[in-house]
Amino acid sequence: MSKAVDVESQVRIYVDYERPRYESFAIIIEWLLKEIRQRVAPLATVGVRPKEVASFAEKILRKAKYDDPVHQFADLCGGRLVVHTRMEKAAAEEMLVRCFKVFAREDKETVAEVNQFGYGSLHLDVCIGADFQETMRSMGIEMPDGISRAVRHVLEPRHDGGAIERKAEIQVRTDLQHVWADTLHDLLYKGGINMPKALQREANRLAAVLEEASNAIDGLVGKLSSYKVDHGAFLSVAELTGEKKRLVRLQGQKLSDKAHGEIALRLAKMARGIRDWRQAIAQEPWVEKMRGPKRDELRFVIAEARCRNSQDNPGSAEFSQGFADLEILAKPVTIQDEGLGEEDKLGEIANRVNSDQGSVSEKAFRATAMAELARARFLMRDGLNPAREARDLYFQAHLLEPGNPYVFCRYLHAQTIAQESRSSSVFMRAGIDQAIGVCRSHEQVGIELPFAHFTEAMFHAILGDLDSCLLSCIRGVATSNDPGLIREEITLFEELRTSLRGKNPQFAKQLLLVLRTLNLGLDVKTPLAATPDNGETKPVPKRESKYKALDTRIRGPVVIVAGTCDPKYHDGMVGYDALIAHALRGFSGTVYCGGSTVGVSAMVGDAVMATKAKNPGIALKAHWPGTLNSRDEKHPGYEFLPMPEAEGFTYAQPIQYWCDLLAAGIKPESVRVLGIGGGKIALFEYYLAFALGAKVGLLQGSGRSAARFAEGESWWSKAKTGRAVSLPKDKETLWNFLNVNPENLGLTEETIRKIEPAAKGLHESYRSKNLEAGVNKSLAPWESLDASLKISNYHQALHASKILGEADLEILPLALGAGEPVRDLVALLKSDGIDRLAEMEHGRWNVERLLEGWKWGPTKDIKERLNPCIVPWEQLEDGENGYKKYDRDLFINLPGVLEKSGLGIFKRAQSSAIPPENLNTALHGG
């Protein structure tokens, strides 16, 4: 210790003069930490205190390097903020750095040795600047009079009149870091003894566990937070509209200005989510009643809404006002020197933007506003080169928030248009790949949809990867609730195609496939009728697809069969011909397939030719390209629709047959797609059909694209349950999937009247055997049974009556039947005949369950919709307690069940059994 230090004098100065000022400093820090907590970490804990006199005296004796400790110590006042996550920790530091003058910073996480995991506090040594009150005001923080007095007290000079900057130490740490620091750190490192190596190793292991837990919490919280703020990720349009109505009602209550401001911001964001720009603009009166960042956030949503609402008239006053407000919020850099070259200009912009000292959150906000400003600038279409001016603004947005893939994509898109070249993508490949990775992480957890898919699509397009671009576009269509979003993507791709048409005509031509795909999505997603609040539906004229149809002579129902048509995979296709032939047995309607004499195309052609003589109602069509490889020959079973401009089998064929289907008025939800293996074009067919609303069935075990699509169900979304299913390799399951359409079961009023007694009898029989199973809505009495479950029983009864026709039997009222009813089907049909009927019923049950969202699982789980019985008939367990017995019992017990309902099974007076080829017509009530 220095001989110049008089401990007694130091303590006296501290007690009489300095400590009261540090007590005021503690009041300020506590107040400010609570303000920060309210903004960035609502559940954080705050602790503040000035240094105790005894502790001060002890530190003088321990720290010999100070000759005037009372004026040199930096920790005479201490504050601590304990937050939940590192994200909150970073946000708190950001605010502290803005509020105080920081003269020392140490983050223990970054300076720790490799074996020091746990003590990760952030330490800031701070003092109060002369502009403290002005800083608070600029941040939207109102400073009470008591705090103002405390600030003046802290800023007073020393006891001897000398100048001083009183310092305080503020620590920010997470909960788990706090556990380590408060519980173990002092025991391990401040005890004055060397810990045994065994205890040190144990401490290090525990610290590592805490750090890993902290990382996991940070990651999960980040994903959940993003998911929570992205309303479109978890609410349908109807739910968003309902939430909007609730907020409007809440806004009408007598609340504080602060509360109304919060509601206005939520309402504006909600309106933005459903593209209700007028509702967002209506929140403008609350802007002046708000303070801080949330005020600017509301101003941005309103400015964006003005530009979006009037984007078709960029010369309007509304658009101009929105543009001006965006310009104020974005604060773009402008370069006045027109003599600068292109590269020098961008370099100067980069220098100025990078010199910005704003916080991370401020830059992120400006980036969002800048990107919207760029979009508006491009729409104005005035000036010498609006594309380049928009590019410069997107460039600034990217510099402000380089990790934002959506801003980066718009910049790259604008750069490509401005240069009329994709050359920039070569130099930015690493950044593009990283941005695509961020988009995919968002897709995985279901946030930023459909923007993540569409943004990824644009990146792939600029890279020249048409295959990936198309699949991403289709995912975007599938996850879009608003046709306006698809329309915006069409505009972006149109701009890209137009700019590249001169220098890269071949690529521009390929982009037409992307545009046609997006327009199909727009056709399907655009409602045909509007339903206003009064509940009256106003029909609108039938929309016409942008693209010309080649054929509208299409008879429903429609089946599309896609899959492997490459000869090199021939050995893996053994056995599928019999399945396809059975699945198309008796089908009456239109079938689309490739048309060639190889693979799946050949199998479908052969099956149709074999059945067409008995069933002229089936039509098999193929869109045939003008240029083909020599091995591609036409199969004689097809009607060919020529596409002379198509060069080989490409994405153009499935796009065209969907154009034909929509133009013919075929509803996508009535279309069935059967997928058997396949390459990239088949994968595109599966994706496109799913996105447009068709039911897609992928045959298990067929591999390649069918397996790839089935494994990618994370993007299907639970809202689309049953739209894509994995079909067991079972002939009756395939037949039912292609032939029995749940949307139209032929259940006319007359049909229901005829089969209701049978359906009711089947239900009561099922109910009587399962009442001991406990509470289950499927066991309710017929009169109170859910409508969907009644339909299932109708379907079962209808199906049973039709398949009995194969045995020359029919169900009639007992009073109308000729002769005695059949009371023993086993005696009549023998066990093989019962098994045949049971197998057909099991195929029906498989499809019904799959389309309701069930899947195969080793044990039955109602909540997760898993069932071990969703397998081919031959794989079902047999025996007294096996599942095959359940399907057999349906027909064994059917005569008795029907008799209780006044019905019976009768042999037909004349041979009038329904031929197999007419089963499809019978099942559809034709």
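A salt bridge is a side-chain nitrogen of Lys or Arg lying within 4 Å of a carboxyl oxygen of Asp or Glu. The structure is a predicted model, in which local features need pLDDT of at least 70 and side-chain atom pairs count only at pLDDT 80 or more, while totals for chains, interfaces and linings use all residues. Residues are numbered from 1 along each chain as its sequence is written, and side-chain values use heavy atoms, with hydrogens and water left out.

**View 1. A network of salt bridges links Arg-272, Glu-304, Arg-308, Glu-372, Arg-375 and Glu-488.** By the rule above, the count of salt bridges comes to 46. In the pair formed by Glu-488 and Arg-308, the closest N and O atoms are 2.7 Å apart. Glu-488 belongs to helix α24 and Arg-308 to helix α14, so this pair ties together parts that are 180 residues apart in sequence; helices (H or I, at least four residues) and strands (E, at least two) are DSSP runs, numbered from the N terminus. Both Glu-488 and Arg-308 are buried, where buried means under 20% relative accessible area, exposed over 50% and partly exposed in between, with a 1.4 Å probe and protein chains only.

**View 2. Helix α17 covers residues 360-380.** At 1.5 Å a residue, its 21 residues should span 30 Å, and the end C-alpha atoms are 30 Å apart, which agrees; the expected span is 1.5 Å times one less than the number of residues. The buried residues of α17 include Glu-372 and Arg-375, together with Met-370, Leu-373 and Phe-378. The buried residues of this helix pack against α14 (293-309), α15 (317-330), α18 (386-400), α19 (405-419) and α24 (483-500), contact being defined as heavy atoms within 4.5 Å. Just after α17, Arg-381 takes a positive phi of about 55°.

**View 3. Helix α14 has buried residues that include Glu-304 and Arg-308.** The 17 residues of α14, at 1.5 Å each, should span 24 Å, which agrees with the 24 Å between its end C-alpha atoms. Among its other buried residues are Leu-298, Phe-300, Val-301 and Ile-302. The elements that cover the buried residues of α14 include α12 (257-273), α13 (277-281), α15, α17 and α24.

View 4. An α-helix has 3.6 residues a turn, so residues three or four places apart point the same way. Glu-848 is buried, and Arg-844 is buried as well.

**View 5. Seven strands form an open sheet with parallel pairing, in the order β11-β10-β9-β8-β12-β13-β14.** Two strands are said to pair if DSSP finds at least two bridges between them. The edge strands, β11 (639-647) and β14 (724-727), each pair on one side only, and the twist averages 25° from one strand to the next. Strand β13 (residues 695-699) and β14 run parallel and are joined by four bridges; the bridge partner of Leu-698 is Ser-726 in β14. Helix α34 lies across β12 (672-676), β13 and β14, running at about 145° to β14, where axes are lines fitted to C-alpha atoms, for helices over the stretch in contact, and angles run from 0 to 180 degrees between N-to-C directions.

**View 6. Phe-493 and Trp-658 touch the most other members of the largest nonpolar core, which has 111 residues.** Such a core is a set of buried Ala, Val, Leu, Ile, Met, Phe, Trp, Tyr and Cys residues joined through side-chain atoms within 4.5 Å. Helix α29 (residues 680-692) gives the most to this core, with ten residues. Leaving aside neighbours within four places in sequence, the contacts of Trp-658 include Leu-520, Ile-560, Leu-688 and Leu-692.

**View 7. Five strands form an open sheet of mixed pairing, in the order β1-β2-β5-β4-β3.** β1 (45-50) and β3 (101-107) stand at the edges with a single partner strand each, so one side of each is left without a neighbour in the sheet. β3 and β4 (residues 122-127) pair in the antiparallel sense over six bridges, and the bridge partner of Arg-105 is Leu-124 in β4. Helix α4 (residues 86-99) lies across β2, β3, β4 and β5, running at about 160° to β5.
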